[in-house]
Amino acid sequence: MLEIDVLTIFPDLFTPFLEAAFVGSAQEQEAARIGVHDLREWTEDRHRSVDDSPYGGGPGMVMTPEPLIPAIESLAGPKGPDRVGRVVYLTPQGEPLSQGKLLEMAQGPPILLVCGRYEGIDQRVLDLAVDEEVSIGDYVLSGGEIPAMVLIEGLVRLLPGVLGNPESIETESFRGGDFLEGPQYTRPPIYRGLEVPLVLRSGNHAAIEEWHREHALARTRARRPDLLDRAGGSGFSSSEIGGSKPNEKVRPGDRVEN
Ligand code: 6GU
């Protein structure tokens, strides 16, 4: 079971997300358990404060060690050998999230996602209570709540059976992970004069697979050549670098679906 807890000052942001079909059904199937916790429940002052102005000056506010550290420790235990699971702080300063990171996290121990707001959190929280820092990309958001939802959705869809189609995850490790997906089509066969390539309607499964591979490669080369450099040619033979003309993979006698 995928076990995730979230620590946030905006727990209500998660309600519609966790009730939505996708994440909701994973929880109903008991494939996932996601708990959301309001950081203010660990405050002890009258104003339930979670932040203060930064030492040395500067704009904005910084989240204080109190109540963050007691909250993290009550949900995940103390940092070190007695900790239950891993504590992940969401921040643009973190390790970039990737499909590989998601696959690794999906197989690992329970996860506590710590969402920051304001300009950040006191460094001592990271030193004393956080195990790792994760970023969802090179841009800045106001808080870790949306990144936490990104991570949760990326993890939940890896659970077997939750997508409804157990094969799709496997297909994806070929495209989607190392390569971009190519074009996809559904009915009608002709829309505003644009026709679905005949090979996809031919019933020739080997030809269809080859068509998808070629287009995944062509699109990746055009849009994300960095992915091909990184993959080192895995999945594609050098003869596949050429590409075929539209419809040339349809053989005489192939059944064409309309
Ligand atoms: Cl994880 N947090 C925030 N606040 N901004 C981000 C991010 C995370 N990843 C990219 N931008």
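Against which strands and which helix do the buried residues of H3 pack? They pack against strand S1 (2-8), strand S4 (62-63), S5, strand S6 (111-115) and helix H5 (123-129), where contact means C-beta atoms, placed from the backbone, within 7 Å. This is a predicted model, in which local features need pLDDT of at least 70 and side-chain atom pairs count only at pLDDT 80 or more, while totals for chains, interfaces and linings use all residues. Residues are numbered from 1 along each chain as its sequence is written.

**Helix H3**
- The buried residues of H3 are Pro67, Leu68, Ala71, Ile72 and Ala76, a residue being buried if 20 or more other C-beta atoms lie within 10 Å of its own.
- These residues lie on the same side of H3, because they cover an arc of only 135° around the axis, taken from the directions from the helix axis to the C-beta atoms.
- The twelve residues of helix H3 (residues 65-76) should span 16 Å at 1.5 Å a residue, which agrees with end C-alpha atoms 16 Å apart; the expected span is 1.5 Å times one less than the number of residues.
- Glycine 77, whose phi is positive and near 80°, follows H3.

**Helix H8**
- In H8, the buried residues are Trp211, Ala216, Leu217 and Thr220.

**Around the ligand**
- Leu90, Ser135, Ile136, Leu141 and Pro147 come nearest among the 13 residues around the ligand, where a residue counts as near if its C-beta atom, placed from the backbone, lies within 6 Å.
- Strand S5 (residues 86-96) gives the largest share of this shell, four residues.

Terms used
Helices (H or I, at least four residues) and strands (E, at least two) are DSSP runs, numbered from the N terminus. A residue is buried if 20 or more other C-beta atoms lie within 10 Å of its own, exposed if 12 or fewer, and partly exposed in between; C-beta atoms are placed from the backbone. Two residues are in contact if their C-beta atoms, placed from the backbone, lie within 7 Å.
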